[in-house]
Amino acid sequence: MDYNTQRKKLLLPEYGRNIQSMVDYLLTIEDRDKRTEQAYAVIDVMGNLNPQLRDVPDFRHKLWDHLAIMSDFKLDIDAPYELPEREILHKSPEKIPYSSGTIRARHYGKSVEKLVEKIKETTDPEQRRALIALTANHMKKSYLTWNRDSVEDNQIISDINEMYGEELIPMEGVMLSNQKELLQRKNNNGKNNHSRQQRKGGNGMQYRRKQ
């Protein structure tokens, strides 16, 4: 009996043993031109195994990379692309820079701090008002993530003013989006957010009329 566990390990199992056998055969062809010609034929077969991926950018480039990997980088041919080297498989990925700064209000997250900084940089009055409304309502939604019971608008306004360093929004005469709307918007992944804002005709932050 011939068991798979006794056979040569497949470098890319998704292509199967038949494709691996074709690649192994390429390595036995001495004539370079014939070896290259047969390599193109193997690439066509590999592509036929995944026809749904043909519209993916650089699809054929990836096939040639896979061919090089399955040959253990020993295939010497005239490929249409520069074939990768063995070292690329063992190359460590670049480290992602993480912010080492502390977050003043963890329940709001770093994104709110960045939004507040963006408000400071924005000079256009209309864009500034829209950004303030966006930030305040985002803070309210984040607050409700941790405390789904309720949150007063004055609490959000106080927090955003503290983060800004001065009074950004007046404590009186301002209404943010209501709690039910924010939670529903979150549950619906914002599917109806655009149409709702159009019906309201506002930016989610309204000013009460003084009595």
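This is a short tour of a predicted model, from its overall make-up down to a few single residues.

## Ground rules

Because the model is predicted, local features need pLDDT of at least 70 and side-chain atom pairs count only at pLDDT 80 or more, while totals for chains, interfaces and linings use all residues. Residues are numbered from 1 along each chain as its sequence is written, and side-chain values use heavy atoms, with hydrogens and water left out.

## The overall picture

Let's start with the whole protein. It has eight helices and two strands, where helices (H or I, at least four residues) and strands (E, at least two) are DSSP runs numbered from the N terminus. Reading from the N terminus on, the order is α-α-α-α-α-α-β-α-α-β.

How much of the protein is buried? Of its 211 residues, 32% are. Buried here means under 20% relative accessible area, exposed means over 50%, and partly exposed is in between (1.4 Å probe, protein chains only). The accessible surface comes to about 15,000 Å², and carbon and sulfur atoms hold 49% of that. Such areas come from the Shrake-Rupley method with a 1.4 Å probe, and for residues only the protein chains shown count as cover.

Contacts tell us about the fold too; a contact means heavy atoms within 4.5 Å. Among the contacts with a separation of 6 or more, 50% are between residues 24 or more positions apart.

## Patches on the surface

Patches are made of residues with over 30% relative accessible area and no salt bridge, with like charges joined within 9 Å and nonpolar side chains (Val, Leu, Ile, Met, Phe, Trp, Tyr) within 5 Å. Lys and Arg count as positive and Asp and Glu as negative, while His and the chain ends are not counted. The place of a charge is taken as NZ of Lys, CZ of Arg, CG of Asp or CD of Glu.

Glu30, Asp31, Asp33 and Glu37 make up a negative patch. Asp31 sits in the loop between α1 (16-26) and α2 (32-49), and it counts as partly exposed because its relative accessibility is 44%. The nonpolar patch is made of Met22, Val45 and Leu49, which together have about 220 Å² of accessible area. Leu49 belongs to helix α2 and is partly exposed, since its relative accessible area is 45%.

## Salt bridges

How many salt bridges does the structure hold? There are nine, each one a side-chain nitrogen of Lys or Arg within 4 Å of a carboxyl oxygen of Asp or Glu. One of them joins the side chains of Arg35 and Asp76 (4.0 Å, N to O). Arg35 is in helix α2 and Asp76 in the loop between α3 (59-70) and α4 (110-121), so this pair ties together parts that are 41 residues apart in sequence. Arg35 is buried, at 10% relative accessible area, whereas Asp76 is partly exposed at 42%. Both also belong to a network of salt bridges that links Arg32, Arg35, Asp76 and Asp78.

Another salt bridge pairs the side chains of Asp44 and Arg60 (3.5 Å, N to O). This pair links distant parts of the chain, with Asp44 in helix α2, Arg60 in helix α3 and 16 residues separating them. Asp44 is partly exposed at 40% relative accessible area, and Arg60 is partly exposed at 35% relative accessibility. Then there's Lys140 with Asp153, whose closest N and O atoms are 2.8 Å apart. Lys140 lies in helix α5 (residues 125-146) and Asp153 in helix α6 (residues 153-164), so the pair ties together parts 13 residues apart in sequence. Lys140 counts as buried at 4% relative accessibility, and Asp153 counts as buried at 16%.

## A few residues to look up

Is Ala39 buried or exposed? With a relative accessible area of 0%, Ala39 is buried. Ala39 lies in helix α2, and beyond its neighbours within four places in sequence it is in contact with Leu26, Trp64, Leu67 and Ile77. Ala39 and Ile77 are 38 residues apart in sequence, yet their C-alpha atoms are 7.9 Å apart in space.

Lys9, in the segment before α1, is exposed at 70% relative accessible area. From Lys9 to Gln20 is 11 residues in sequence and 9.8 Å in space, C-alpha to C-alpha. Ser21 lies in helix α1 and is partly exposed, with a relative accessible area of 40%.
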